[in-house]
Amino acid sequence: MKFNDVKKAIMLLIAAKKTAIVVGERGIGKTQMMKDIAEAMDMKLINIDCNLLKEGEIGGLPLPFKLDNG
């Protein structure tokens with residue numbers, strides 16, 4: 001798939017409240033693409049560099065939520 005096709009597909013998934021997992025070789029622009037998408041959609045981006053984690057260090061992905069005070 002081309003970069004812009006992947007970017008559009010991810011934006012559609014996010015708009016549909018679906019989860020997107022981006023996988024690929026290092027250095028191909030995955031993180032930058034997600035930064036661009038987050039900026040375009042006025043969203044925050046949480047980047048978890050999983051290659052720095054040890055087995056068992058993460059039990060799930062963080063989900064955004066609002067506290068009672070906003």
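**Figure 1. Overview of the chain and its accessible surface.** The accessible surface of the chain comes to about 6,600 Å², and 55% of that area belongs to carbon and sulfur atoms. The model shown here and in the views that follow is a predicted one. Its secondary structure consists of two helices and zero strands. Of the 70 residues in the chain, 7% count as buried, a class that takes in residues with a relative accessible area under 20%.

**Figure 2. Close-up of the crossing between helices H1 and H2.** Helix H1 spans residues 3–15 and helix H2 spans residues 30–40, and the axes of the two come within 11 Å of each other while crossing at roughly 50 degrees. The crossing of the two helices, H1 and H2, is right-handed.

Figure 3. Sorted by class, the contact of H1 with H2 has nine nonpolar and two charged residues, with no polar residue taking part.

**Figure 4. Lys17, a residue with positive phi in the loop between the helices.** Lys17 lies in the loop that runs between H1 and H2, and its phi is near 60 degrees, a positive value in a residue other than glycine. With a relative accessible area of 78%, Lys17 is exposed, since the cut-off for that class is over 50%.

**Figure 5. Asp42, a residue with positive phi in the segment after H2.** Asp42 is found in the segment after H2, where its phi is positive, at about 55 degrees, although Asp42 is not a glycine. The relative accessible area of Asp42 is 76%, and the residue is therefore classed as exposed.

Conventions. Residues numbered from 1 in each chain as written. Predicted model: local features only at pLDDT ≥ 70, side-chain atom pairs only at ≥ 80, totals over all residues. Heavy atoms only, no water. Axes fitted to C-alpha atoms, helices over the stretch in contact; angles between N-to-C directions. Helix = DSSP H or I, 4+ residues; strand = E, 2+ residues; numbered from the N terminus. Left-handed = near helix turned anticlockwise from the far one by under 90°. Nonpolar A, V, L, I, M, F, W, Y, C, P; charged D, E, K, R; others polar. Buried < 20%, exposed > 50% of the residue type's maximum accessible area, 1.4 Å probe, protein only. Areas by Shrake-Rupley, 256 points an atom, 1.4 Å probe, with all protein chains shown as cover.
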